[in-house]
Amino acid sequence: RGVSVIEILVVCAVLIIGFSAILGLTTLSLKILNSVKETEQANSFAKEIMEQVRNFRDGIDWNQDDPENKYDGLGQAALGVAYHLEKSGDAVPKWQLLQGEEDLGLGFSRKVVFGEVWRDNITDNIESPGDYLDPNA
């Protein structure tokens, strides 16, 4: 009789340790899955704003200077300032480059910041630090 009780306690201890390991593994898997989901969402937001900048660049002249600052070209953008893009409410929507960050919800925000482009003298590739400042980039 005494041996049976000890055997039952040992089996219970083994089962508890096994279930604890499975629970820990499940918790880790859920954390990794959530992290992958957030990374995918962030990558999607980044790709989206890169496409918006390309569409904006292709739809407006580089040095266009709009008095209302709604449709200024990229050549008018200040360096080191945060911008975001929005579609206008016009009959034919246009992209607008607006100052400030865009709040996307779910803990995400995004911005575009323009900076100087430095190039290598020999290859003309973009490098940091480079040999000369490219005034057309």
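These legends walk you through a few views of one predicted protein model.

Residue numbers start at 1 in each chain and follow the sequence as written. In this predicted model, local features need pLDDT of at least 70 and side-chain atom pairs count only at pLDDT 80 or more, while totals for chains, interfaces and linings use all residues, and side-chain values use heavy atoms, without hydrogens or water.

**View 1**

**View 2. The outline of the chain.**
The C-alpha atoms fill a box of roughly 95 × 50 × 20 Å along the principal axes. Of the 137 residues, 20% are buried (under 20% relative accessible area, with a 1.4 Å probe and protein chains only; over 50% is exposed, and in between is partly exposed).

**View 3. Ser88 in its loop.**
Look for Ser88 in the loop that links strand 1 (82-87) to strand 2 (95-99). Is Ser88 buried or exposed? Ser88 counts as buried because its relative accessibility is 9%.

**View 4. The surroundings of Ser88.**
The Ser88 side chain makes a polar contact with the Asp90 side chain at 3.2 Å (a pair of N or O atoms within 3.5 Å; within protein, one must be able to donate a hydrogen and the other to accept it, and residues adjacent in sequence count only if both atoms are side-chain atoms). Setting aside neighbours within four places in sequence, Ser88 is in contact (heavy atoms within 4.5 Å) with Tyr71, Pro93, Lys94 and Gln96.

Definitions and conventions
Helix = DSSP H or I, 4+ residues; strand = E, 2+ residues; numbered from the N terminus.
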